[in-house]
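Keep the sequence and the 3D view open as you read.

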Amino acid sequence: MIIYQGVVVVAMARNPSLIRAQPPMPSDLTSSDCSVLRGGASFRRRELIFVVNPRGANGTTGQQWKKLLPYLRSRLGNDCNICESLTSGPSHAIDITREAIREGADAVIAVGGDGTLHEVVNGFFCGGKPVCNHDVNSSHSTALGIIPLGTGSDFARTLGWKNDPHDAIERIAKGLKSKIDVGCIAGEIGESHYFINVADIHLSAKAGYYASRYKKFGNLCYVIGALQAFFRHHNQDLRIKVDEGEWEVCSQVTALCIGNAKYFGGGMKITPNANPSSGDYEMVILQDFKWYDFILKLHKLYNGTHLSVKNVSSRRARSIEIEETGSSGSIFVQSDGEFLGFLPRKFSILPGVIELLC
């Protein structure tokens, strides 16, 4: 444990036990419930866990975070216990979040890009169920917060938030909450996976897979990834079942995107009518696209006007099952920019399952 300008900094190990930052308390008050007397009434200090990926955006996230800490402490330190948890590698943010929720944290704040946010969201679930506070008598739940500092902040774009960490801290300080939906992805084997933004299949997922190798180039990584994905790409017939209806064949699919929110790929407005509080997805399908179609229509994909383009369709759905018509086993699947493997998959919506600090 390190004390940095009055904030407890914890470099968390696997399966961590969270250490709380306890402020000095007057000798005639107890700190067992993290409460102080304010204005003659009991006031409970909020427990905030900041999950930070110091290596995000080629180390820029860690540098920006250190500069932000003094303001964070001055703005929130009087009312909140602040715990900073530094991730040490892939999936570590999931472990930190689960432990924080079980220990009764008021909020877990994802500090970084959409990759960190994605892991924190997955930490709200375990074994196919929401993670719960160890204290069954607790009257409050753990909320999700966001401080965007990474390569991409696509979910924040959907909410209309500025990419300004000071604005994010103001939202955290106010403590207002709004329930949001989370997408759930189930495969034939293994544990379910969760996403808050956009899940996608085939070419766009393949592009995201390659883009992850070029993060050092910033948002240009998405362009590089897309160019690499086009090589040896073939449009593919897929079988789709929507809302437990009948199976239907969707021919020559280039990309299929399932949006809980609007943006992916560093600002591409791929599912322009998606709303993370609507209780359903927007599914957008691009069919029979050639490489030059993307060049000619790229501006429409970024500004969200592509739904009027030939061979682009959109529909609402609460659950979507997708599988190949053949048996290649090579149709890529990703969510929130994270590679998940290959088809088949089932996507279902969990309405209002997380409270977001907004």
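Helix α1 (residues 60–76) and helix α5 (residues 165–174) cross at roughly 25 degrees, and their axes come within 11 Å. The model is predicted.

Q: Is α1 roughly parallel or oblique to α5?
A: The axes of α1 and α5 cross at roughly 25 degrees. Angles under 35 degrees count as roughly parallel. Therefore α1 is, relative to α5, roughly parallel.

Q: Which residues of α5 does α1 meet?
A: From α1, the contact uses L68, Y71, L72, R75 and L76. The contact residues of α1 with α5 divide into eight nonpolar, one polar and two charged. On the α5 side they are P165, H166, I169, E170, I172 and A173.

Q: Are α2 and α3 oblique or parallel to each other?
A: Helix α2 (residues 92–102) packs with helix α3 (residues 114–123) at an angle of about 40 degrees, and the axes are 7 Å apart. Angles under 35 degrees would count as roughly parallel. The pair α2 and α3 is therefore oblique.

Q: How many residues in the contact of α2 with α3 are nonpolar?
A: α2 gives H92, A93, I94, T97, R98 and I101 to the contact. α3 gives E119, V120, N122 and G123. Of the contact residues, four are polar, two are charged and the nonpolar ones number four.

Q: Within what arc do the buried residues of α7 fall?
A: In helix α7 (residues 220–230), the buried residues are C221, Y222, G225 and A229. They line one face of the helix, because seen down the axis of α7 they fall within an arc of 100 degrees.

Q: Which helix do the buried residues of α7 pack against?
A: The buried residues of α7 include Y222 and G225. Their packing partner is α6 (203–211).

Q: Is H202 buried or exposed?
A: H202 is found in strand β13 (residues 198–202). Its phi is near 75 degrees, a positive value in a residue other than glycine. The relative accessibility of H202 is 4%, so H202 counts as buried.

Q: What is the relative accessible area of S91?
A: S91 lies in the loop between β6 (80–86) and α2. S91 is not a glycine, yet its phi is positive, about 75 degrees. S91 is partly exposed, with a relative accessible area of 35%.

Q: Which residue does a cis peptide bond join to L343?
A: Omega of this bond is about 10 degrees.

Key
Residues numbered from 1 in each chain as written. Predicted model: local features only at pLDDT ≥ 70, side-chain atom pairs only at ≥ 80, totals over all residues. Heavy atoms only, no water. Axes fitted to C-alpha atoms, helices over the stretch in contact; angles between N-to-C directions. Helix = DSSP H or I, 4+ residues; strand = E, 2+ residues; numbered from the N terminus. Parallel < 35°, antiparallel > 145°, perpendicular 65-115°, else oblique. Contact = heavy atoms within 4.5 Å. Nonpolar A, V, L, I, M, F, W, Y, C, P; charged D, E, K, R; others polar. Buried < 20%, exposed > 50% of the residue type's maximum accessible area, 1.4 Å probe, protein only. Arc of directions from axis to C-beta.
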